[in-house]
Amino acid sequence: MTASPASSVSIDLSAAPVRVIRVEVRPRVGEPDAAASAALAEARVAAGPVGDVRLARVYLIEAPLDDAAAALLARELLADPINQEAAVGVSPLPAGGATLEVHYQAGVMDPVAQSTRHAIVEMFPGLRAEQVEVRTGFRYDFHDTAAGPEALKRFVERSLANPVIQDIHAQPFHPEKFAHGSDYAPVVRHVAMRELDDAGLVKMSREAHLFLSLEEMRAVRDYFRAGDREPTDAELETLAQTWSEHCVHKTLKSTVRYTEPAGKPTIPNVAGRAGHTINPDGSLTIENLLKSTIAAATFNLMHQDPNGLGTWCVSVFKDNAGIVRFDAQDGVCIKVETHNHPSAIEPYGGAATGIGGCIRDVMGTGLAAKPIANTDVFCVAYPDAPSGGKAGESAGNSGGSAWTTDTTAIPKGVIPPTRTLKQVVAGVRDYGNRIGIPTINGAVWFHPDYLANPLVFAGCVGLIPLDKCFGQAKNADRIIALGGRTGRDGIHGATFSSAELTDTHADEFAHAVQIGNAITQKGVLDVLLQARDIPASEGGPLFNAITDCGAGGFSSAVGEMGKDLGAHVTLETAPLKYSGLSYTEIWISEAQERMVLAVPPEKVERLKALCDAQDVEMCDLGQFGWLSSGPGGGEPVLALSYKGIEVGKMSMHFLHEGIPTPTREASWDGSSTVAPAPVRKTSVAPDAPIGEILAALLAHPNIASKHWIIRQYDHEVQGGSVVKPLVGPAQDGPSDASVLRPKLGSDRGIAIGSGLQTGLGEKTPGGDSYWMALAAIDEAVRNVVCAGADPTRIAILDNFCWPRCDDPRQLGSLVRAAEACYDGAMAYRTPFVSGKDSLSNQFTTEDGKLITIPPTLLITALGMVPDVTHSRTMDAKAAGNSLLIIGRTGTQVGGSHFATVTGDGSRDARIPHVDLAIGPKTAAAVADLIARGLVASAHDCSDGGMLTAAAEMAFAGRVGLDVDLDGLPAERELDDATACFAETPSRYLLEVAPAKLDAVVRLLRQAGLAFGQVGRFAAHQRLTVRCAKHGRLADVALDDLRAAWLGPLDW
Amino acid sequence: MAGMRPKTLIIRAAGTNCDRELAHAFELAGALTQTIHLNELIREPGWVEQAEIIGFPGGFSYGDDIAAGRIFANRLRRRLLEPLRAAVARGTPIIGICNGFQVLVKLGLLPDPDAAGQSATLADNVNGRFIDRWVRVEAPESRCVWTRGLGKFELPIAHGEGRFVPASDDLLKRWTDAGQIALRYAPDDNPNGSTADIAGVCDASGLVLGLMPHPERYTHLTNHPQWTRRQAAGQFVPPAGLGFFVNAVKHVRAAAAAKAEPAVAAQ
């Protein structure tokens, strides 16, 4: 059976009226259809007996095409002739069942519709793009079911669609025509605020979604009072965005007064630190928290070592991403962003545009970097309890069912955690894979209080020539936008992300939802790199500066680039997705895949030619260099016009410097800032056999295998993969970090790893974000060192996700974490090069209950690997090799997974502390052993403790292991469980071959480090544990341990 | 002709993303490469005539929207099918990797260019998901110039739509008998449910190869997932992916030499 050959089609457009053609495409009967099977399984759980589910993609095509053309489209473009069937119109409904359809709402980005439209236009010569509009949807046929349409609709709404962006139809949807945007007649809107009192300002801030504080609202009002006029809506929106927490990081940059009930601060080392003053009353004043802690560490390190770290750090804290030197020609840049609020209301689009936005940050660094790797870390609530029921409390020691969320108790406005996790993974997958950037590193942390505020961290690494690391817009440069068209999507994203979520946010902020189109961005990237790489002798590069259009859209991008020069923007020149947008909507839309460039006028045509050749859209939005009194003089202003009408004109100085900077109050009382979450128990008691506890730990979702996620990401595109996220003979061992070669002709590499120690924060009794932050830095360093990074060339990044910091207790916790960042960066000599914060992560339920997230600090580490052939993987290599542990084990089990899993209450419940003298020294010694080729495998000893890490090495390598606890160096005598499962920081596990053992022992003694042999790899397939005092403690099959680890998230 | 560097044309479109590593692999094998956008090729089909090897890289051309490779294939079918057929007739080796394979199959150039349309498809993986992992493969005896002598080895796959489905059992038998099955997954390592474990097929001439695994991602020792284990065991295994490109370059050099010899003799 073969399809008919293609023919050149010409149609008589005058003969066919404009109408909507409907085409359904579905797999032939008998063909596997995984999506339909998954829907069937879920439908049976949710809605009772269902015989079958069949799924069809529905194309709605509005165009002047006749029936013959419709048939041709269905046959030649939309359906596969081998395994699919197409129906034009509505195919018969299932007897004894029901049909539901899910269609994107008008205006929601639908990449398939866009591509289909282009393909249709190309098929029919004479057809113009503007004559065709395509929308797509899905048809679900539920066969043989007694479930009523209402029950099925509820199921579809919950499991198969998101009502924020999609409509659900109870019958096949075939409109006669599409609703189109109407023309927009510009009317300049002024907002009366000059006469408002405080109450009025507060009301306006909330109701207009400005989310500015009273003090900020007063500053805005006073600016316009002084100018004797009311602001236009565009001006007010510009200020709200520019001053949003999301864009300006006002909390981290503010002056903070920090107090503790006992008087003097208990934060180590702060006395005498620059920017820090201890007041007579014992309180601590910190000027510009970010500058005095995180950035101060970097600048101190650079200053102390001008020829080393001083030149290695190329650009820090000033651009979209931090840049360090890679080799003599190129730098690497890195940025990690969060996209938490958008992912809470539309997880797929939120996560996809999160990674998309972070990629654009890298594309918009210097004069454009080439993205080479992505990372993703998610913090979510435990998966849904099976059958949507109550959370399990009674589950045993394996399988993931002990760690679930009771979906019957999910607050209104919250998406269930399993759907959230599945959708965010799909979002990162579809964006990262499509744009061709390997996603190489990640983690997932589960905690019940992430239920309403899931965290989505997305990172991107780029390669950039050292002579292209800086850009600056010049006077008279044109303001050029590249990429996607502007629509109503993403309006108010920046201000929305700076607000607290409530049960009504999904409705109120549907317009803030963004859906990405990776292929549009890939096209922009292709053009940018070509425009960048034209040599100076041939007139390149074609632009002087570039930035991405992220939060705040054109408003933020142009406002930032034109800060010192002024800018004039002609808003009517922006290409729109559909008509009817107001000038303000154009200005603040956060539509995706757009970059703004400063292009010298004489180079605009060449850039346009590059764009045209590759179907990339470009427009000229105005010019940089605009002063209050016109070309004659005055101060730089941001001037906005629409079709010749002035719709805004504001001082750049006021926009960027006018934000009030009040002193913020922070306090910390040494106890938890909120009631600690109850410690969850499995049936495994703290005194259970070691083997049972080990299996339960391996099955905890934080530790359990993430292969279900990792395998969906292309982690090898671009061809430079060296250490993959999953390693070992069966590719199922968890890597500490990933290593890749950014330049295929070179053996120099980079390692990417992360540290996340949320268990040590204030949601744990006795938790302290100071020690949590240090542990995260220590862990991030350990991870990249294990893979082969040079510890003297590691850059780190901070991502703070906290509840609202206008609560002094939350800010107190944040201050302690920031101070730890200073101490950690100085001790490990790891400069922070970039960072980002998200400080409104809390949720108020319909009945007024407040859910705050655990204070969360993600540390990402980027390490240089001088020679990738010395990289290490964590899988055990051979029987007969020794297993050494480097570093002493402490008594503390507070915040550990052991405590969480067993509910232990009898051991030392304090949280462990990083020793800043020992941690860096240990990292250096381990790196030295690896660089000398003395180590067969290396693994970070962290979540779950020594025995968990040792078991991972053994089962990943398919090599048995006999553990002897008597070899474990400890601070004092430990009970067996503490010895096995304490999560003391700064420890490493190394596998060493017999021939190399003497050399390793000698070097570790020279380094003055505590170490010991805790086991020997053996030619069997079991893990045994013994100690002299108690004899044999465990004897478990590696297969069983691996199964416990693989099972919980094997979705 | 031993040192001759065959001119290799790499064709990209919106969403192509494996073009750089494909060019690198060809360069390592001794070819000269030129990467060109499909739009430019449609304007200037002469590029195809000059090419001595042609590569269709992996990626997500046009977002995989509608179906993987469909829009790219439709554009080629309307504008470039004849020049490509002529290139094959002239003896030009062509490779389509992953998305490139999907394009060649949906274009109808593979496995059976005489079928006047599509004779097979690459459908959704049977588990419905994108998968990235390494698989064991074998190049059986076949007509394919690209896989000659490669034997058994490992390569990475990274795709969501790689399940090879022939239009009929008869066709499959014909291709099998004719030596057109160029690459198979190990029977216990078929990642996507492909019929008869098919990972790659060639046309009847053996010049046109399409495959789902990515040989261009295995051109360096450290690409292999087990390289640290092999290193620990003192084993050296050359990167098998490179073999595909070396084979094509050798083929072109040999063909050029064969063509040149009579001319030399005539002088």
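Modeller: The sulfur of Cys313(A) lies 12 Å from the closest cysteine sulfur, that of Cys469(A), which is too far for a bond. This is a predicted model, in which local features need pLDDT of at least 70 and side-chain atom pairs count only at pLDDT 80 or more, while totals for chains, interfaces and linings use all residues. Residues are numbered from 1 along each chain as its sequence is written, chains are lettered from A and ligands numbered from 1 in the order in which they are written, and side-chain values use heavy atoms, with hydrogens and water left out.

Biologist: Are Cys313(A) and Cys469(A) buried or exposed?

Modeller: Buried means under 20% relative accessible area, exposed over 50%, and partly exposed in between, with a 1.4 Å probe and protein chains only. Cys313(A) is buried at 4%, and Cys469(A) is buried at 1%.

Biologist: In what order do the strands of the open sheet in chain A run?

Modeller: Strands (E, at least two residues) and helices (H or I, at least four) are DSSP runs numbered from the N terminus, and two strands pair if DSSP finds at least two bridges between them. In chain A, 4 strands form an open sheet with mixed pairing, in the order 8-9-7-24. Its edge strands, each pairing on one side only, are strand 8 (276-278) and strand 24 (664-667). Strand 7 (residues 256-259) and strand 9 (residues 284-286) of chain A run antiparallel and are joined by 3 bridges, and Tyr258(A) has Leu284(A) in strand 9 as its bridge partner.

Biologist: How should I read the interface of chain B and chain A, and how many salt bridges does the rule find across it?

Modeller: The size of an interface is often given as the accessible area lost when the parts come together. With a 1.4 Å probe, and summed over both parts, chain B and chain A bury about 5,400 Å² between them, 48% of it on carbon and sulfur atoms. Ile66(B), Arg78(B) and Arg229(B) supply 13% of the area that chain B buries against chain A, more than any other three residues. A salt bridge needs a side-chain nitrogen of Lys or Arg within 4 Å of a carboxyl oxygen of Asp or Glu, and the rule finds 9 across this interface. Asp714(A) also forms a salt bridge with Arg217(B), their closest N and O atoms being 2.9 Å apart.

Terms used. A disulfide is a pair of cysteine sulfur atoms within 2.5 Å. Buried area is the accessible area (1.4 Å probe) that two parts lose on being put together, summed over both.
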